[in-house]
Amino acid sequence: MNNEQRLEKIAQYSHAHMTQDRTGHGYDHIRRVVAMARKLSAKENADLLVTLASAYLHDVIDDKLVDDPKTALDGLKTFLSEVEVSAPQIEQILFIIQNMSFAHTLDNKPVQLPLEGQIVQDSDWLDAIGAIGVTRAIYFGGHHSEKIYDPRIKPRESMTKEEYRNLQNETIINHFYEKLLKIKDKLNTPSAKKIAENRQRFMLDFLTEFQAEWDAKK
Ligand code: ADP
Ligand code: NI
């Protein structure tokens, strides 16, 4: 089996495990993350199989998508050895997908991701900002019955993972101040930082316009 055939199998595995999700982690998200990871890789000297496999698989063991992450992880390990990914590459992929998520970074000491992981993390985070980011935040917020906005509820300054997942007093607009506007300064690679500039401007314009309309100033 060559790497192209491996990636084809990995894509199928990811698709089979992601299609049920309706919270903005569907397979369309995976497709965009993979495409962005490919694009960012062009400027970096990364192992393309590790990068793209991690992009395809980064959400399949997430504790908000699967009931039992440990079993999901074991299943994934078995699958990767069946498609003859090398042991060191499997280890890298698992390390990346277990350590890269935003929620994970809230509770844990920052770990140094390998270049491949930095690329996938950037690709995942770029998909949370800009026009797609605005759409996903509204989609997620609606799905979880968040309020659109409430000026009396202030954005939280810092959060644990548990607080981040507690949507009791969350509003869609606050999510921008709690997470989305901060992403730009957390990105790893120069190419991702460049792409983020325009997306950041778009979100800021959106928030300015939103506030003006909310206050009947426009
Ligand atoms: P990660 O897997 O990086 O931790 P999340 O599961 O936190 O990502 O987020 C998935 C998508 O849902 C992202 O686009 C994110 O911005 C959005 N999202 C997460 N939490 C909220 C929230 N409280 N309100 C609105 N959107 C949210
Ligand atoms: Ni993701």
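Phe210 is buried, with a relative accessible area of 19% (buried means under 20% relative accessible area, exposed over 50% and partly exposed in between, with a 1.4 Å probe and protein chains only). This is a predicted model, in which local features need pLDDT of at least 70 and side-chain atom pairs count only at pLDDT 80 or more, while totals for chains, interfaces and linings use all residues. Residues are numbered from 1 along each chain as its sequence is written, and side-chain values use heavy atoms, with hydrogens and water left out.

**Ring pairs**
- The rings of Phe210 and Trp214 are stacked, because their centres lie 5.8 Å apart and their planes meet at 20°.
- Rings of Phe, Tyr and Trp (its six-membered ring) pair if their centres lie within 6.5 Å; planes under 30 degrees apart count as stacked, over 60 as edge-to-face and the rest as tilted.
- Under this rule, there are eight aromatic pairs.
- Phe206 and Phe210 form a tilted pair, since their ring centres are 6.2 Å apart and their planes stand at 45°.
- A cluster joined by ring pairs consists of Tyr149, Phe176, Phe206, Phe210 and Trp214.

**Position in helix H11**
- Phe206 and Phe210 both belong to helix H11 (residues 190-214), four residues or about one turn apart; helices (H or I, at least four residues) are DSSP runs, numbered from the N terminus.
- Phe210 and Trp214 are likewise four residues apart in helix H11, about one helical turn.

**Accessibility**
- Phe206 is partly exposed, at 26% relative accessible area.
- Trp214 is also partly exposed, with a relative accessibility of 42%.

Key. Chains are lettered from A and ligands numbered from 1 in the order in which they are written. Helices (H or I, at least four residues) and strands (E, at least two) are DSSP runs, numbered from the N terminus.
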